[in-house]
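Please keep the structure open beside the text as you read.

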Amino acid sequence: MDIYKLITLSQPFATFPQALYKILSEGHAWIEWNKDGSKIRYNDPERLMRELQALGFKAQDSASLSKNFNDYGFKRLSDARKSRYDPWRNNWTVFAHPSFLRHDPDSANAIQRRRA
């Protein structure tokens, strides 16, 4: 049995992409789609981790957050962690996945965790 499904089975969003899509659909200023809906970006990783934790995921630090993105095949296109100190959160981390699209909510359901 998949340990990741055991961790989140009792939650309404059983996978990381489903939870991420829900957070994006809530219209927060710190996480958003790009104009054509093919990429996402965020500038507050701590807030993203708190939101994921509220949905039953165990993202505890930036490494586990990155691992979730990588495990589901998202590609990092820019990385705010490599920027200088940014107290106004002007630097964004950008991710993309060919099947994670704003105008296709069901696409998030089709994304599977890659096996090691």
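Helix α3 has four buried residues to look for: Leu48, Met49, Glu51 and Leu52. Because they cover an arc of only 165° around the axis, they sit on the same side of α3. What do the buried residues of α3 pack against? Their partners are α2, β1, β2 and α4. Following the chain past the helix, you come to Gly56, which has a positive phi near 100°.

Before going further, a word on confidence. This is a predicted model, with an average pLDDT of 82 over the protein and 78% of the residues scoring at least 70. Which elements mark the two ends of the range in mean pLDDT? The lowest mean, 41, belongs to helix α1 (residues 3-8), and the highest, 96, to strand β1 (residues 31-33). Residues 1-10 have a pLDDT below 50, and in the model this stretch makes 10 contacts beyond near neighbours in sequence. Where pLDDT is low, the predicted coordinates should not be read in detail.

Now to the interior. The largest nonpolar core contains 25 residues, and Leu48 of α3 is among those with the most contacts inside it, along with Phe16, Leu20, Phe69 and Phe100. Two or more residues come from each of α2 (16-25), β1, β2 (39-42), α3 (45-54) and α4. Helix α2 gives the most, with six residues.

Leaving aside residues up to four places away in sequence, Phe100 touches Pro17, Leu20, Tyr21 and Leu24, then Trp33, Gly37, Ser38 and Ile40, and finally Phe74, Ser107, Ala108 and Ile111.

One of those neighbours, Ile40, deserves a stop of its own. Ile40 lies in strand β2. Is Ile40 buried or exposed? With a relative accessibility of 2%, Ile40 counts as buried, since the cut-off for burial is under 20%. Not counting residues up to four places away in sequence, Ile40 touches Leu20, Leu24, Glu32, Trp33, Phe69, Thr93, Val94, Phe95 and Phe100. The C-alpha atoms of Ile40 and Tyr21 are 9.8 Å apart in space, and the two residues are 19 apart in sequence.

Phe69 leads us on to helix α4, where the buried residues are Ser64, Leu65, Ser66, Asn68, Phe69 and Asp71. These buried residues pack against α2, β2, α3, β3 (75-78) and β4 (93-96). At the start of the helix, a side-chain oxygen of Asp61 comes to within 3.2 Å of the backbone nitrogen of Ala63. Just after α4, Gly73 takes a positive phi of about 80°.

Asn68 has a relative accessible area of 12%, so it counts as buried. Phe16 and Arg113 are the residues that Asn68 touches, not counting those up to four places away in sequence.

How many salt bridges does a search of the whole structure find? There are five. In one of them, Lys67 pairs with Asp71, with the closest N and O atoms 2.7 Å apart. Both residues lie in α4 (residues 62-71), four residues apart, or about one turn of the helix. Lys67 is partly exposed at 41% relative accessibility, whereas Asp71, at 16%, counts as buried. Salt bridges with shared partners join Lys67, Asp71 and Arg113 into one network.

Lys22 forms a salt bridge with Glu26, with the closest N and O atoms 2.1 Å apart. Here Lys22 is partly exposed at 26% relative accessibility, and Glu26 is partly exposed at 36%. Arg41 and Glu32 likewise meet through their side chains in a salt bridge, 2.6 Å from N to O. Arg41 has a relative accessibility of 30% and counts as partly exposed, as does Glu32 at 28%. Glu32 is also one of the residues that Ile40 touches, which brings you back to strand β2.

Technical notes. Residues numbered from 1 in each chain as written. Heavy atoms only, no water. pLDDT = per-residue confidence, 0-100. Contact = heavy atoms within 4.5 Å. Salt bridge = Lys/Arg side-chain N within 4 Å of Asp/Glu carboxyl O. Buried < 20%, exposed > 50% of the residue type's maximum accessible area, 1.4 Å probe, protein only. Core = buried A, V, L, I, M, F, W, Y, C linked by side-chain atoms within 4.5 Å. Polar contact = N/O pair within 3.5 Å; in protein donor to acceptor, adjacent residues only side chain to side chain. Arc of directions from axis to C-beta.
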